[in-house]
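Please keep the structure open while you read, and look for each part as it comes up.

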Amino acid sequence: LKMNSNFSGHLAEFLARQLFRLKGYRIVCKNYVTGKGTSAGEIDFIAVRFKNIVFVEVKKRRDKETAAYAVKPTQQKRIRTAAENFLAKHPAYRDYDVRFDVVLICFPHYFRHIQNAF
């Protein structure tokens with residue numbers, strides 16, 4: 001299966017959102033961006049279930065080994081910053097439990113949802 005990386009990245013994020021929907025989550029935001037330049041934070045999507053708000057990073061890689069190490073500490077910091085920004089702008093979620101998950105995808109058949117990834 002040959003596809004360009006931009007398309008396969010969008011497909012990976014779409015499939016990850018579907019996975020969350022199947023698990024009973026509601027997607028409240030996708031591709032949330034805060035800030036500009038090197039300090040910008042981006043979250044692939046934000047999902048809610050019960051009183052949990054989950055900030056999700058999707059990583060598409062060629063193999064499981066590289067996927068597992070795809071979310072580096074600098075990116076984790078940016079995601080946390082973006083999450084704080086989102087929560088400040090959406091006080092309705094103030095009392096929710098916050099979680100940071102990662103979905104690893106290796107086409108065509110490997111999907112792994114890691115809860116509390118960082």
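Does Arg99 count as buried or exposed? At 11% relative accessibility, Arg99 counts as buried, where buried means under 20% relative accessible area, exposed means over 50%, and partly exposed lies in between (1.4 Å probe, protein chains only).

## Before we start

This is a predicted model, in which local features need pLDDT of at least 70, side-chain atom pairs count only at pLDDT 80 or more, and totals for chains, interfaces and linings use all residues. Residues are numbered from 1 along each chain as its sequence is written, and side-chain values use heavy atoms, with hydrogens and water left out.

## The sheet

Let us begin with the strands. Helices (H or I, at least four residues) and strands (E, at least two) are DSSP runs, numbered from the N terminus. Two strands pair if DSSP finds at least two bridges between them. Five strands form an open sheet here, in the order β1-β2-β3-β4-β5, and their pairing is mixed. The edges belong to β1 (26-34) and β5 (110-114); each has a single partner strand, so one side of each is left without a neighbour in the sheet. On average, neighbouring strands of this sheet are turned by 25° against each other, direction ignored.

Seven bridges join β1 to β2 (residues 41-49) in the antiparallel sense. Along this pair, Lys30 stands opposite Phe45 in β2, and Thr34 has Gly41 of β2 as its bridge partner. Next, β2 and β3 run antiparallel and share five bridges, with Val48 partnered by Ile53 in β3. The hairpin of β2 and β3 has two residues between the strands, and Phe50 in this hairpin takes a positive phi near 55°. As for cover, seven of the nine residues of β2 are buried.

Contact means heavy atoms within 4.5 Å.

Which residues of α1 are buried? They are Ser8, Ala12, Glu13, Ala16, Arg17 and Phe20, and the cover over them includes β1, β2, β3, β4 and β5. Just after α1, Gly24 takes a positive phi of about 95°.

## Two nonpolar cores

A nonpolar core is a set of buried Ala, Val, Leu, Ile, Met, Phe, Trp, Tyr and Cys residues joined through side-chain atoms within 4.5 Å. The largest one has 20 residues, and those touching the most other members are Tyr32, Ile43, Ile46, Ile53, Phe55 and Phe86. At least two residues of this core come from each of β1, β2, β3, α3 (73-89) and β4. Take Tyr32 as an example: leaving aside neighbours within four places in sequence, its contacts include Gly41, Ile43, Ile46, Ala82 and Phe86. There is also a second, separate core of 12 residues, among them Ala12, Phe45, Val56 and Ile105.

Val54 lies in strand β3, and Arg99 is found in strand β4. In sequence they are 45 residues apart, yet their C-alpha atoms are 4.8 Å apart in space. Val54 is buried, with a relative accessible area of 0%. Beyond its neighbours within four places in sequence, Val54 is in contact with residues including Phe20, Phe45, Arg99 and Asp101. Not counting residues up to four places away, Arg99 touches Tyr25, Ile53, Val54, Phe55, His113, Gln115 and Asn116.

How many salt bridges are there? The count comes to two, using the rule that a side-chain nitrogen of Lys or Arg lies within 4 Å of a carboxyl oxygen of Asp or Glu. One joins Asp101 and Arg99 (2.7 Å, N to O), and Asp101 counts as buried at 0% relative accessibility. Lys59 forms a salt bridge with Glu57, with the closest N and O atoms 3.4 Å apart; both Lys59 and Glu57 are buried.

How values were computed: Axes are lines fitted to C-alpha atoms, for helices over the stretch in contact, and angles run from 0 to 180 degrees between N-to-C directions.
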